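Student: I'd like to go through this model with you, feature by feature. Could you give me the general idea each time, and then the case here?

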Amino acid sequence: MEARCCVIASTFFCQREGVWSMKPFAAWLLGMVLVPFVALAQAPATNLNTITAVEVRGGTVTITGTQKANFTTFTMTDPPRLVIDISEATFSGVSDEIQVGNGTVTGIRTASYGSEASSIARVLIGYEREVEADIQATGNQLIVSVAGGAGPAVAQAQGAEQPQAGSSAAEAAAAAEAERQAQEQAAAEAAAAARAEREAQAQAAAAATRDAEAEARRQEEARAAAQRQQEEQARAEAERERQEEAARASAQAAADEQRRREEAARASAQAAAEEQQRREEAARSAAEERQAQQRAAAEEQARRKAEARADAEQRRAAQAAAAEERRAAARAAAEERRAQQEAAAEERRQRQAEARASRERRQPSVEPSRQGGASSDVTVSSRRKTLTLVGFQPQASASRVFVRTNEPVSYSVSEQGRVVVLELENTRVDSSNNTLPLDTSFFASPVLRVDPSASGRDVRITIQLRQGTPFQARQEGNVISLDFQRTGR
């Protein structure tokens, strides 16, 4: 540590005298490059040194940490600065910049580099002028003081006392000369110590280089030996694979010969078996031919018997068909007469309904009925009724929606905006076709759609309109009709 301080002192001295020597510079460069790495390499893996305070008292700077500091230093000029790098250290609670300006120290800056065990805490001290710094390590503190006095203020105080003591200019010059000689001697001693340390470090670096070269040679020889061993193993492996390949080829040839002989034996046996099979097949073919002839004779006899039976069946079927045709003709005639009677009755009812509608149209216009229920001249039984037809019929002045049941039924009609609902009480639907909706939107009619559906023991017919339209509901026999008046478009 003292040797490193001497390097710094010699550097300052040479700069102050105005002479730049390469030897102090080389010593500084060696200390900058080798010493931190040697210190880091030799330092054990311990906890970091935490720098908790950097204090200034006059020209003295005190750096306090939690451990003894392991540090290196170097100087900078324009302006004069001293840099202290503390290895394996970090700052805690220390400002990045401390403004001083006390005539000796201008200010202090701190910074951290690296991480974990390679972290470095740097303290940069700026001075008013080039000075010689003395660094002392005391416990966990580094004390950096200015050699030769406390700064300009001290020099001025001494100058003020000289006239009082009656000192002459000659004595002051002699004292300055003596001080210069003392400083030159101290610089020479520091340079000698720096050279000694440099030589020791150079010897250590040379020894480390020799050790590294020897280790590299040993590693190279080990790699060469491993390479030779791998090559010998590869050659041995190749020879073994060649021998195994020759053995496999020989075994394959023997296996191929054995397989050829076995295949020849199998081919011979196969030929004999095929010859025997051909003979057996020829015998079977002869037997099958005889059997086929016998079957053909039997089948011919059976065919003749079947033809005889078929003729008899055909005659019976013709007789039965003639009888069925006669019965069908009788049923068709009866159905036709019944259909004609029903059509005539329906036509009479239709003419009667049209006549009544014509009479009603000739009567004065009144508010259409919204009431439901059976007509006064219709008797409704308590039996369950059946819906047999839902239909739509456009007329000259109205559009008719009508339903047909198997007998008169009690009903009700309700209106909700553009929807009219016809409820048939105690009624069911006889066929699913009668629940299909009727789309009447393509007619020039106020009716858009008719939707029949079963609702419990009743049947509901929902009628959707283009707009609210007057209508009349009536029941004639087993037909209920709703006439919706047409309006001008």
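Tutor: Helices (H or I, at least four residues) and strands (E, at least two) are DSSP runs, numbered from the N terminus. This is a predicted model, where local features need pLDDT of at least 70 and side-chain atom pairs count only at pLDDT 80 or more, while totals for chains, interfaces and linings use all residues. Residues are numbered from 1 along each chain as its sequence is written, and side-chain values use heavy atoms, with hydrogens and water left out.

Student: Which residue in S14 is the bridge partner of Val413?

Tutor: Leu422. Six antiparallel bridges join S13 to S14, the latter covering residues 419-424. In general, strands of a sheet pair through backbone hydrogen bonds, either parallel or antiparallel.

Student: In what order do the five strands of that open sheet come?

Tutor: The order is S13-S14-S18-S17-S16, with antiparallel pairing. S13 (411-416) and S16 (438-439) are the edge strands, each pairing on one side only.

Student: How many helices and strands does the protein chain have?

Tutor: Four helices and 20 strands.

Student: What does S12 pair with?

Tutor: Strand S11 (residues 385-394) runs antiparallel to S12, with seven bridges between them, and a hairpin of three residues joins the two. Val390 has Val403 in S12 as its bridge partner. S12 also pairs with S20 (residues 479-485), antiparallel over seven bridges; there, Arg404 is partnered by Val479.

Student: Why is S12 called largely enclosed?

Tutor: Buried means under 20% relative accessible area, exposed over 50%, and partly exposed in between (1.4 Å probe, protein chains only). Seven of the eight residues of S12 (398-405) are buried, so the rest of the structure largely encloses this strand. Across the protein chain, buried residues make up 26% of the 489.

Student: Is Asn49 buried or exposed?

Tutor: Asn49 is buried, at 3% relative accessibility. Asn49 lies in strand S1 (residues 49-57). A polar contact is a pair of N or O atoms within 3.5 Å; within protein, one must be able to donate a hydrogen and the other to accept it, and residues adjacent in sequence count only if both atoms are side-chain atoms. Here the Asn49 side chain reaches the backbone nitrogen of Thr66 at 3.0 Å.

Student: How many salt bridges are there?

Tutor: Side chains of opposite charge can pair when their charged atoms come close. The rule wants a side-chain nitrogen of Lys or Arg within 4 Å of a carboxyl oxygen of Asp or Glu, and the count comes to 28. One of them pairs Arg248 with Glu245, with the closest N and O atoms 2.5 Å apart. These two are three residues apart in helix H4 (residues 169-362), so about one helical turn separates them. They also belong to a salt-bridge network with Glu237, Arg240 and Glu244.

Student: Where is the pLDDT below 50?

Tutor: pLDDT is the predictor's confidence in each residue, from 0 to 100. The protein chain averages 81, and 81% of the residues score at least 70. The pLDDT is below 50 over residues 150-166, and it also stays under 50 over residues 363-376. Where pLDDT is low, the predicted coordinates should not be read in detail.

Note on methods:
Pairing = 2+ DSSP bridges. Contact = heavy atoms within 4.5 Å.
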